Number of protein chains: 2
Amino acid sequence: MERLRAEPERRRVTLAAETQLATGMRCEVTGRTHTVVVDEPRSVGGADSAASPVDAFLALLAGCQAITYRMWADLLGIALERVSVRVEGDMDMGGFFGLEEGVRPGFDAIRVEVSLTGPEGEERYAELTAAVERHCPLLDAIANGVPIASKVSRASS
Amino acid sequence: MERLRAEPERRRVTLAAETQLATGMRCEVTGRTHTVVVDEPRSVGGADSAASPVDAFLALLAGCQAITYRMWADLLGIALERVSVRVEGDMDMGGFFGLEEGVRPGFDAIRVEVSLTGPEGEERYAELTAAVERHCPLLDAIANGVPIASKVSRASS
């Protein structure tokens, strides 16, 4: 953090991930340092070898909330023994399969339930929650959306 | 799909994921059928045992695009030998750490590059791309955002 403060030009980063898919639905996606695997349940033609993208999406939001609570508790000097996060997302599967126009293909509502354990007074945990809601990367990305530019090209066989 | 068409009341589903974090940053998030693991790089206090939530977020978008291409190619009867997806996301790390007010804590721009390999004419792949852009769950969630309701409670030690 001190380095980022001293050298603000280091703050802007670009992350990337790549994958290829031939047959089947299982996708190994290579990121900077780790590989993420997704698949689909058998009911939609996958091998169920890993979480589906929509299941994993909720899992990431839960993990990102928990990590942001951990990090901001430390930054603010707030004792936090445990943070539990449950995320639920509602979707209409008819959207993905195009069964009805105007239905979103993924989530239309997400609920996050956080439970905090620790010795501090209520006001300190309220301060922590306010900091997390302002600084959680995936809460921001999902609640507010991120502009996406898509480019599609044809590769030769 | 036939069952969903015949019984539209089965189309609405709720997915869920849960995690707990005590010390460290590594999070095992339990979903319906699979566990997703996230961690942070050592530079921000993690053990680098898994992709970070922001890295994994881009990976899921790449995987979801690839799977949606696969599925819709099959639904539309379009031969698709291979789909490659690269996703990039830009962020200012000063947002996450609260170094500057008004800076988003996560991604402010995402780029998706798709490359398609197969024997069909251009117009069929254009049709496929249009279908995928309308029906990809995570493209929709991220580009348009999803309303999130948060609830925070205090658990006893």
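This is a predicted model: local features need pLDDT of at least 70, side-chain atom pairs count only at pLDDT 80 or more; totals for chains, interfaces and linings use all residues.
I started with the area buried between chain B and chain A, which is about 10700 Å², with carbon and sulfur atoms giving 59% of it. (Buried area is the accessible area, taken with a 1.4 Å probe, that two parts lose on being put together, summed over both.) B:Arg11, B:Phe96 and B:Arg154 supply 7% of what chain B buries against chain A, more than any other three residues.

Residues are numbered from 1 along each chain as its sequence is written, chains are lettered from A in the order in which they are written, and side-chain values use heavy atoms, with hydrogens and water left out.

Next I looked up who touches whom: chain A brings 119 residues to the contact and chain B brings 119 residues (contact means heavy atoms within 4.5 Å).

Then I checked charges. The rule finds 14 salt bridges across the interface (a side-chain nitrogen of Lys or Arg within 4 Å of a carboxyl oxygen of Asp or Glu). One of them joins A:Glu18 to B:Arg86, with the closest N and O atoms 2.5 Å apart. On chain B's side, helix H2 (residues 53-76) gives the most, with 19 residues (helices, H or I, have at least four residues and strands, E, at least two; both are DSSP runs numbered from the N terminus).
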